[in-house]
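Dear colleague,

Please find below the structure that I am handing over to you. My findings follow directly after it.

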Amino acid sequence: MDNQCKKLDLPDLPGGYSYPFTPNGKGNLIPAPPYHFCASEMIIRYQADPEQVKRFLPEPLKPSEVNPGGCILHVCSYVSRNGDDDLLVELPERCNYSECYLEIRANYRSLECKHFAYYWVNRDYSILRGMILGLPKKGGEISTTFEKVHLFHLNPNFPQFGENFRMGGVVSSHMEKLITASISLDRQITVDELDSEMRMPCRNLVCYPDAQMGYQDRAFRRIGHTNMDVWYGDIWKGKDEKVEYLPSIIEEHDLLKPRSITESYYMDYAFTTYGGIVDEVLK
């Protein structure tokens with residue numbers, strides 16, 4: 001990663017990059033990449049039932065040979081922007097959002113990797129952007145302790161951020177509470193102290209279902225990963241983790257509920273996504 005923003009020579013597409021196509025492309029739900037992000041995350045690594053993890057892996061992904069039950073839960077607060085637009089000032093609602101995602105360990109053609117099993121987010125543009133990149137995003141609501149934690153020092157009646165500070169997150173969708181999670185901060189660490197699994201690439205399934213009458217199969221499938229630069233800020237190791245996956249009428253995330261917790265983190269970081277790289281077109 002060279003940490004330099006890559007200038008892409010993008011074609012001038014009639015109507016713009018994505019639906020809805022409008023004369024000047026202004027009405028597109030998302031513009032073309034690159035996409036720029038800043039984030040705060042609470043992260044919990046844990047072990048699930050390997051047989052259940054296996055059921056979430058699409059072909060040609062196979063169970064990890066190293067950690068077949070490995071899962072990572074991320075609860076996040078994000079800011080995003082594109083290009084040189086000034087939406088951060090003029091329309092901040094278009095830039096600020098929260099999400100939760102669940103990674104599971106996998107193996108792709110003898111390469112150890114991760115795969116996105118679940119993703120909830122509270123903005124429509126993030127859902128479309130994710131699906132184009134192979135991220136299985138759905139609508140959801142995510143509330144966290146840390147979204148405004150930078151203000152807590154102003155009032156001595158609030159818990160103060162630092163060692164032993166406790167934070168939590170709640171994930172819901174369609175008025176169903178799905179996940180609750182919390183950690184306490186233990187100590188600050190460097191990026192080199194993160195477990196190597198944290199920075200392992202994800203192999204994503206990009207899928208466009210067959211919409212023809214007489215449905216036969218998914219019309220287009222490919223496996224890919226994202227090209228990106230990453231910058232890290234403060235990183236904390238966590239302790240005293242608690243996670244609960246609640247049963248749902250329309251979700252199956254609880255099949256991946258924790259059997260045991262490995263470790264946790266809280267971090268600030270940023271990244272720029274330049275687009276997806278196709279590893280394989282599936283027949």
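Asparagine 164 counts as partly exposed because its relative accessibility is 47%; buried means under 20% relative accessible area, exposed over 50% and partly exposed in between, with a 1.4 Å probe and protein chains only. The residue is found in the loop between β6 (141-144) and β7 (166-173), where helices (H or I, at least four residues) and strands (E, at least two) are DSSP runs numbered from the N terminus. The phi of asparagine 164 is near 75 degrees, a positive value in a residue other than glycine.

This is a predicted model, in which local features need pLDDT of at least 70 and side-chain atom pairs count only at pLDDT 80 or more, while totals for chains, interfaces and linings use all residues. Residues are numbered from 1 along each chain as its sequence is written, and side-chain values use heavy atoms, with hydrogens and water left out.

Further backbone features

Most residues other than glycine have a negative phi, and most peptide bonds are trans. Aspartate 240 likewise has a positive phi, near 55 degrees. This aspartate lies in strand β10 and, at 49% relative accessibility, counts as partly exposed. Which peptide bonds deserve attention? The bond from tyrosine 19 to proline 20 is cis, with omega near -15 degrees, and proline 20 is placed in the segment before β1. Another cis peptide bond joins glutamate 59 and proline 60, with omega about 5 degrees; proline 60 is in the loop between α1 (50-55) and β2.

Asparagine 24 also belongs to the segment before β1. Its relative accessibility of 77% is why asparagine 24 counts as exposed. Asparagine 24 and leucine 13 are 11 residues apart in sequence, and their C-alpha atoms are 9.7 Å apart in space.

Strand pairing

Two strands are said to pair if DSSP finds at least two bridges between them. Strand β11 (residues 260-281) pairs with strand β1 (residues 35-47) in the antiparallel sense over 13 bridges; within this pairing, serine 40 has aspartate 268 of β11 as its bridge partner. Strand β10 (residues 218-245) also pairs with β11 in the antiparallel sense, over 14 bridges, and the partner of glycine 224 in β11 is valine 278.

β8 in turn pairs with β7 in the antiparallel sense over eight bridges, and glycine 168 has serine 182 of β8 as its bridge partner. The hairpin of β7 and β8 has two residues between the strands, and histidine 174 takes a positive phi near 50 degrees there.

Aromatic residues

Rings of Phe, Tyr and Trp (its six-membered ring) pair if their centres lie within 6.5 Å; planes under 30 degrees apart count as stacked, over 60 as edge-to-face and the rest as tilted. By this rule the count comes to 21 aromatic pairs. The rings of tyrosine 78 and phenylalanine 271 have centres 6.1 Å apart and planes at 85 degrees, so this pair is edge-to-face. The pair links distant parts of the chain, since tyrosine 78 is in strand β2 (residues 70-82) and phenylalanine 271 is in strand β11, 193 residues apart. Both tyrosine 78 and phenylalanine 271 are buried.

The rings of phenylalanine 161 and phenylalanine 165 have centres 5.5 Å apart and planes at 50 degrees, so they form a tilted pair. Phenylalanine 161 counts as partly exposed at 35% relative accessibility, whereas phenylalanine 165 counts as buried at 2%. One aromatic cluster is formed by Phe37, Tyr78, Tyr97, Tyr125, Tyr232, Tyr269 and Phe271.

A buried glutamate

What does glutamate 197 touch? Not counting residues up to four places away in sequence, glutamate 197 touches Arg45, Asn67, Ile72, Arg105 and Lys114, where contact means heavy atoms within 4.5 Å. Glutamate 197 is placed in the loop between β8 (176-189) and β9 (204-209) and counts as buried because its relative accessibility is 3%.

Yours sincerely
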